[in-house]
Every structure is written in structure tokens, then in C-alpha cells.
Amino acid sequence: MFWDGRADTLQQQASGPLYDPAEMASTPEIALHRLENARYIQRLKALGGPATDASRDLLLSEALFALARYQIEDPSFHAYDSKFDAWLEGKARFTPEESAGYRLFNDPTKGNCAACHLDRPLPGNLPPLFTDRQYEALGAPRNQALMGPYDTGHFDLGLCEVMPGGVETSSAYCGVFATPTLRNVAERKVFFHNGVFHDLHQVLDFYVLRDIHPERFYSRDTHGHLQVPDDIPPQYRSNLDRTDAPMDRKSNDLPALTPQERSQIIQFLKTLTDGWSPTRP
Ligand code: HEC
């Protein structure tokens, strides 16, 4: 879980936003105080068993476990009722633009998106998750909006920072982040691990033009040298993915997708939004 994979379970994940000073800014003490004064405290203790009377740590961990189970058991967390899901079941028809986008998404020489954002039904005919659950360094540009008064000169190195042994032994995983699902992606307002993009067109342009027009995305150092990519320190830049299409281009190559083809992929991505019905397309 998380862009850098630092939590192994939903239970672990839940404490992240809870205690993060930039999110809910709670502490174990505050959370316990609220739990112990909540109307449902006896029900929580009944679920956790008698040991939760003796251990406040256990009580807190049972609460986080309950949160994890809620996400697994409540159907609203996995509706799988997008137009794409209906289409997989033969209950919806793509428009010509959506169809074209779907083909480009899958074509290994064009978008090649499905190489990482897997879109085939899983064994047992389960709906695809649009992620391979792997990690890649795509070289997202440094988010200048996080600079200025917030600039600490810090580089978020991703996976290598949370590996056992840390950066020293895991430098091959620096700059590497999780492949996110693309379900409901058209509903999001910020994209990539550092939130640098705010529009799917920017994301598609980045995939297609990163290596052809790097100056459109990256900043220069004080000597005027373009930093490619500028959000990964120089010693880790060789981790950048330059082999998977469409990020396998050289500066004189043609873009893998024309602007029209990029728009068609976006039309397809919009079919991944939950809550589709034939009357409310
Ligand atoms: C080599 C694997 C790979 C390929 C190929 C790939 N992606 Fe991604 N995608 C990723 C990874 C990894 C990230 C997260 C990168 C980051 O945050 O630094 C990502 C992020 C995204 C995001 C941002 C989602 C969010 O919630 O912030 C979108 C949208 C996206 N990809 C769409 C596409 C499309 C469309 C294509 C095809 C043109 C594509 N991807 C091809 C691995 C891949």
C-alpha cells in the first residue's frame, strides 16, 4: 500500500493518514481516548475479545483491523460497475472513440498501457484491477508547487527508502513508485506520486513526449543543464524506465501517439468510472 509500498496490510495502512501531521494529525493517545468514549466501544471489545480489556495497544490495533475489514467487506469499496465492466459482460457498447482508445491502450507499439495497467479479467473471471502491482521509475517531474516555502530540498526516493537496509543497499529501487490502478482515474484531480499533473492530457503528453521534448517537463540546474529527470538525484537516474513503450523513444523519434490518439485513450479511461448505467452514460 501507498505509492512507495511502505505498508504491507490495510491495517498498517490505516494508521498512516490517522497520524500524519498533514492529514488527520491524530496520535495513538487521542485515537484511544475517542475509541474508549465511543458508543460502540463494547461492540469493538466484543469483536476483539477479552484481551482488549487488558491491552490498550491491542484495542487500537483491533480498531485499525476493523477499518481494514470494512474496506474488504463493504461493496462500495469495490463496485466494479463501470461502463468497462458492463462492456466485459457484454452489456454495454463502446463508442468508436472509446473502442479506438481501448485498442491503443493495449497495443504494445502504441500506448502499451496494459503492459503495466493490466486490463484482462483475472483467473476466475474476476474484474481486472488495472495495475500489475509492480514498481517503476517513470521520472515524474519535480512538483514546483511543493517548492517555495515548502521546499526542504528533499527528494522522495520511493521504494528504496522503505526497503530493509534502506537506500544504501537498495539503490536500484530509488525513484521507483507503485503502478496505481486506473479505475475511477478520470475522477481524480491530481496524478502521479507527487501530484505534479492535474489533467489526464498532461499525463498522456508526459508518457508520449518525455524523451522527445524533455525540456517541456524538466527544469535546469544552475549551470543551465537540463535535469532528466529532475525529481530523482543524479546517482539514481539510471533507474529511469527507458525500455517500455511509449517511453522508449529518442529525441528524433516520432511520438508513439498522436494528439488525437491520446484523446481516444482518455475517452477509454473515462469508461473506468464506477456508477455507469445505460440511462446515465
Ligand atoms: C512501465 C509500466 C507503465 C506503463 C507502460 C504505463 N504506466 Fe501508467 N503508471 C505507471 C506507474 C509506475 C505510475 C506511477 C508513477 C509515479 O507516480 O511516479 C503510473 C501512473 C499513471 C497514471 C496516474 C494515476 C494516478 O492515480 O495518479 C495514469 C493516469 C496512467 N499511469 C496512465 C497510463 C496510460 C494511459 C498509459 C499508456 C499510454 C500508461 N499509464 C503506461 C506504470 C506504467
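Which residue has a backbone N or O atom 2.8 Å from an oxygen atom of the ligand? Phe 192 does.

This is a predicted model, where local features need pLDDT of at least 70, side-chain atom pairs count only at pLDDT 80 or more, and totals for chains, interfaces and linings use all residues. Residues are numbered from 1 along each chain as its sequence is written, and side-chain values use heavy atoms, with hydrogens and water left out.

View 1. A backbone N or O atom of His 193 lies 2.7 Å from a ligand oxygen atom. The side chain of His 117 places an N or O atom 2.9 Å from a ligand nitrogen atom.

**View 2. The shell around the ligand.** The ligand is surrounded by 26 residues, each with a heavy atom within 4 Å of it. The closest are Cys 113, Cys 116, His 117, His 193 and Tyr 207. Helix 10 (200-209) and strand 2 (177-178) each supply at least two shell residues. Helix 10 gives the most, with four. Helices (H or I, at least four residues) and strands (E, at least two) are DSSP runs, numbered from the N terminus.

**View 3. Helix 7 against helix 11.** Helix 7 (residues 96-106) packs on helix 11 (residues 259-269) at an angle of about 100 degrees. Their axes, lines fitted to C-alpha atoms over the stretch in contact, are 7 Å apart. That makes the two helices roughly perpendicular (65 to 115 degrees).

**View 4. Ser 26 in a loop.** Ser 26 lies between helix 1 (10-19) and helix 2 (28-36). Ser 26 is buried, with a relative accessible area of 12% (buried means under 20%, with a 1.4 Å probe and protein chains only).

Notes. Axes fitted to C-alpha atoms, helices over the stretch in contact; angles between N-to-C directions. Parallel < 35°, antiparallel > 145°, perpendicular 65-115°, else oblique. Buried < 20%, exposed > 50% of the residue type's maximum accessible area, 1.4 Å probe, protein only. Polar contact = N/O pair within 3.5 Å; in protein donor to acceptor, adjacent residues only side chain to side chain.
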